[in-house]
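The following exercises concern the reading of a protein model. Please examine the sequence and the structure before turning to the solutions.

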Amino acid sequence: MASKPGLSAIWASHLRRQGQDVIVVETQDEAVSYLRTASADVIVLDLLLEEGSAFAVADFASYRHPKAKIAFVTRSSFFSDGSLFSHIPNTAAVLQEKTPPTDLAAIVAYHGRAV
């Protein structure tokens with residue numbers, strides 16, 4: 001889930017090439033609606049959503065799907081101290097937005113196997 005649809009499409013494409021099932025949503029409401037009826041092993045979540053709150057999505061995911069891992073992607077250095085891991089228990093990774101898509105796909109595959 002990213003605020004930039006083009007970026008979401010690139011990530012999704014790399015994940016699909018790795019054999020991952022991918023659902024792309026663009027807003028907090030879409031994410032929460034999806035998570036009400038379905039589960040996810042790994043959630044790739046833009047920390048700086050334009051519509052809604054990444055924390056609300058992560059909190060809902062932690063409540064409904066406590067084993068789901070969350071890989072936050074951000075263009076900010078605000079949580080570079082690692083404090084996000086203590087705020088959101090499902091946090092598995094915090095990556096810069098410019099992380100190569102192949103690296104993101106490898107991280108998702110790794111955490112997906114751990115579930």
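The model is predicted: local features require pLDDT of at least 70 and side-chain atom pairs count only at pLDDT 80 or more, while totals for chains, interfaces and linings use all residues. Residues are numbered from 1 along each chain as its sequence is written, and side-chain values use heavy atoms, with hydrogens and water left out.

**Exercise 1. Describe the secondary structure and the extent of burial.**

Step 1. Helices (H or I, at least four residues) and strands (E, at least two) are taken as DSSP runs, numbered from the N terminus. The protein contains five helices and three strands.

Step 2. In sequence order, these elements give the pattern α-α-β-α-β-α-β-α.

Step 3. A residue is buried under 20% relative accessible area, exposed over 50%, and partly exposed in between (1.4 Å probe, protein chains only). By this criterion, 46% of the 115 residues are buried.

**Exercise 2. Identify the largest nonpolar core and the elements that supply it.**

Step 1. A nonpolar core is a set of buried Ala, Val, Leu, Ile, Met, Phe, Trp, Tyr and Cys residues joined through side-chain atoms within 4.5 Å. The largest such core comprises 18 residues, and those with the most contacts inside it are Leu35, Ile43, Leu45, Ala54, Ala58, Ile70 and Phe72.

Step 2. Two or more residues come from each of helix 2 (28-37), strand 1, helix 3 and strand 2 (69-74). Helix 3 makes the greatest contribution, with five residues.

**Exercise 3. Classify glutamate 51, aspartate 41 and leucine 104 as buried, partly exposed or exposed.**

Step 1. Glutamate 51 occupies the loop between strand 1 (42-46) and helix 3 (54-64). Glutamate 51 is classed as exposed because its relative accessibility is 53%.

Step 2. Aspartate 41 is situated in the loop between helix 2 and strand 1. Its relative accessibility is 44%, so aspartate 41 counts as partly exposed.

Step 3. Leucine 104 belongs to helix 5 (residues 101-114). Leucine 104 is buried, because its relative accessible area is 2%.
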